[in-house]
Amino acid sequence: MSVEFNHTIVLSQDREKSAHFLAGILGLEVGEPAGIFLPVTTANGVTLDFATVDTDITVQHYAFLVSEGEFDAVLARLVEGGVPIQADPRGRHPRRINRNDGGRGVYFIDPSGHAVEAFTRPYGSDPSSPLNGVTEDVPGAR
C-alpha cells in the first residue's frame with residue numbers, strides 16, 4: 001500500500017463558521033458531523049475535520065492546489081465576500097496575487113486565524129519563470 005495523506009484536524013473557535021467559510025471559498029461541500037468533527041473533503045479525498053475548541057489556537061497553514069478556473073472562482077468569492085487577500089504569507093503585498101512559477105497564488109485568513117493559500121502551480125514547478133516574484137493588483141480586493 002502506498003502512503004497517502006487522509007485527514008487532519010483543524011482546530012477552530014467555531015467549527016460551523018470555519019468549515020462553511022472554507023467550503024464556501026473553495027467551492028466544496030461541508031459533510032455531515034461525525035462526533036465533534038465537521039468534515040470538508042477535497043477532490044483528492046483529503047478531509048479537513050473542523051473541531052471547536054475553547055482554548056488558544058496555534059495558527060496553521062493550509063494550502064490548496066487548484067486549477068486556473070477554480071482559482072478564478074476562489075478569487076471572485078474572496079473579493080465578493082470582502083475577505084482581505086495578499087500575495088505573500090507575510091502580508092507585504094495586500095490586495096494582490098502572486099504569479100510564482102508562472103501560475104497564480106493568493107493568501108487569506110480563515111475565521112479562526114489560520115493562514116489559507118490557493119495556488120495554481122506547485123512550488124518549484126518553473127523556477128526560471130519570469131513571473132517569479134511578480135504580483136498583480138486585484139480590483140475590488142480588500
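**Close-up views: salt bridges and a helix pair**

**View 1. Asp-88 pairs with Arg-92.** Asp-88 is buried, at 6% relative accessible area (buried means under 20%, exposed over 50%, partly exposed in between, with a 1.4 Å probe and protein chains only). Arg-92 is exposed, at 56%. The two form a salt bridge, with their closest N and O atoms 3.2 Å apart (a side-chain nitrogen of Lys or Arg within 4 Å of a carboxyl oxygen of Asp or Glu). The whole structure holds four salt bridges. This is a predicted model: local features need pLDDT of at least 70, side-chain atom pairs count only at pLDDT 80 or more, and totals for chains, interfaces and linings use all residues. Residues are numbered from 1 along each chain as its sequence is written, and side-chain values use heavy atoms, leaving out hydrogens and water.

**View 2. Arg-104 meets Asp-72 in a salt bridge.** The N to O distance is 2.7 Å. Arg-104 sits in the loop between β5 (96-98) and β6 (105-109) and Asp-72 in helix α2, so the pair ties together parts 32 residues apart in sequence. Helices (H or I, at least four residues) and strands (E, at least two) are DSSP runs, numbered from the N terminus. Arg-104 is buried, at 15%. Asp-72 is partly exposed, at 41%. A network of salt bridges links Glu-68, Asp-72 and Arg-104.

**View 3. Arg-99 and Glu-136 form a salt bridge.** Their N to O distance is 2.8 Å. Arg-99 lies in the loop between β5 and β6, and Glu-136 in strand β8 (residues 135-137), 37 residues apart. Arg-99 is buried, at 16%. Glu-136 is partly exposed, at 31%.
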